[in-house]
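Biologist: Hi, could you walk me through this structure? I'd like to hear about the sheet, the helices and the aromatic rings.

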Amino acid sequence: MTPADVGMAPGFRRRTPGLRREEVAQLSGVGVTWYTWLEQGRPINASPQVLDAVARTLRLDASEREHLYHLAEVAYIPGRQTDTIEVGQEIQRIIDALDPHPAVVYNSRYDVLATNPAYRDLFGVPEMADTGVRNVLWALFTVPEKDCPVVHRTQELPLMVATLRGGYGRHTGEPAWEAFIETLCAASPYFAQLWRSGDVAPPGPRVKTFRHWAASGEIRMTSVSLSVNGLPECRIVAYTPADLESEQQMVVLRDRRDV
């Protein structure tokens, strides 16, 4: 891992091409002294949440993560890691092949990991609202209601928050999750209200209705979630038109892309 890999300037008088100890600590959200003790193998009772944060910073694969847990003498739970930030070319080719049907890869926090052109035509995420945050919940809850591509917000958004809470139960206390929930609650009173309700729901197929400024009517799409082997808690969500009118509207959006 180099500073450039994580978007940091290399700085001057660097004696190592990799990340410095203080940089790993900063990126993992832990103190430098604590991280130093972790490296030195001191008996500090490292929690799974902190080990996961360090593993994400160092981009450890499953076997490396398991070895880290072993060194820290913490019970390893396969599949715990879910904050995947990218997918391989194989998955990208699959969702690209689904075009002209929209498809996206989410993790359990609704981070947008990969999209195909039809999804970007329909949803406009993460470009929507120019938030710079690649997360569909953030995009949907922080845009004005009139600009939200989801028509029935009071039906769809509560279901998405309930699905998010289903994933959150496996990550309670993890810094990245807690910071995301806290920040989105502060940015959206509506999200904060739904989060306090405590509802939980699994992902599942349903018909969603969208709007788009280039379309002359509503676009009704059936969504289906598919799990992805090798990417724990990640899923491909694929959309197909629920009726002929919606299929024609998607053709309009596709033609507009080619202009």
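This is a predicted model: local features need pLDDT of at least 70, side-chain atom pairs count only at pLDDT 80 or more; totals for chains, interfaces and linings use all residues.

Biologist: Great. In what order do the strands of the sheet come?

Modeller: The order is 2-1-5-4-3, in an open sheet of five strands with antiparallel pairing. Strands here are DSSP runs of E with at least two residues, helices are runs of H or I with at least four, and both are numbered from the N terminus. Two strands pair if DSSP finds at least two bridges between them.

Biologist: And which are the edge strands?

Modeller: Strand 2 (112-115) and strand 3 (206-210), as each pairs on one side only. On average, neighbouring strands are turned by 30° against each other, direction ignored.

Biologist: How many bridges join strand 1 to strand 5?

Modeller: Four, between residues 103-106 and residues 235-241, which run antiparallel. Ala103 stands opposite Ala238 there.

Biologist: Which strands does helix 8 lie across?

Modeller: Helix 8 (residues 153-168) lies across strand 3 and strand 5, at about 125° to strand 3. Helix 5 (residues 89-97) lies across strand 1, strand 2 and strand 5, at about 55° to strand 2. Axes are lines fitted to C-alpha atoms, for helices over the stretch in contact, and angles run from 0 to 180 degrees between N-to-C directions.

Biologist: Switching to helix on helix: at what angle do helix 9 and helix 10 pack?

Modeller: At about 125°, with the axes of helix 9 (residues 175-187) and helix 10 (residues 189-197) 5 Å apart. That makes helix 9 oblique to helix 10; under 35 degrees counts as roughly parallel, over 145 as roughly antiparallel, 65 to 115 as roughly perpendicular and the rest as oblique.

Biologist: Which residues meet there?

Modeller: Ile181, Leu184, Cys185 and Ala187 in helix 9 meet Pro189, Phe191, Ala192 and Trp195 in helix 10, with contact meaning heavy atoms within 4.5 Å.

Biologist: Now the rings. How many aromatic pairs are there?

Modeller: The structure holds 11. Rings of Phe, Tyr and Trp (its six-membered ring) pair if their centres lie within 6.5 Å; planes under 30 degrees apart count as stacked, over 60 as edge-to-face and the rest as tilted. Tyr119 and Tyr239 have ring centres 6.4 Å apart and planes at 45°, so that pair is tilted. Tyr119 sits in helix 6 (residues 117-123) and Tyr239 in strand 5, 120 residues apart.

Biologist: Are those two buried or exposed?

Modeller: Both Tyr119 and Tyr239 are buried. Buried means under 20% relative accessible area, exposed over 50% and partly exposed in between, with a 1.4 Å probe and protein chains only. Phe141 and Phe191 have ring centres 5.3 Å apart and planes at 80°, so they are edge-to-face. Both Phe141 and Phe191 are buried as well.

Biologist: Last topic, the backbone. Where is the cis peptide bond?

Modeller: From Asp99 to Pro100, with omega near 20°. Pro100 is in the loop between helix 5 and strand 1.

Biologist: And what about Asn45?

Modeller: Asn45 is not a glycine, yet has a positive phi of about 55°. Asn45 is exposed, with a relative accessible area of 73%.

Notes
Residues are numbered from 1 along each chain as its sequence is written. Side-chain values use heavy atoms; hydrogens and water are left out.
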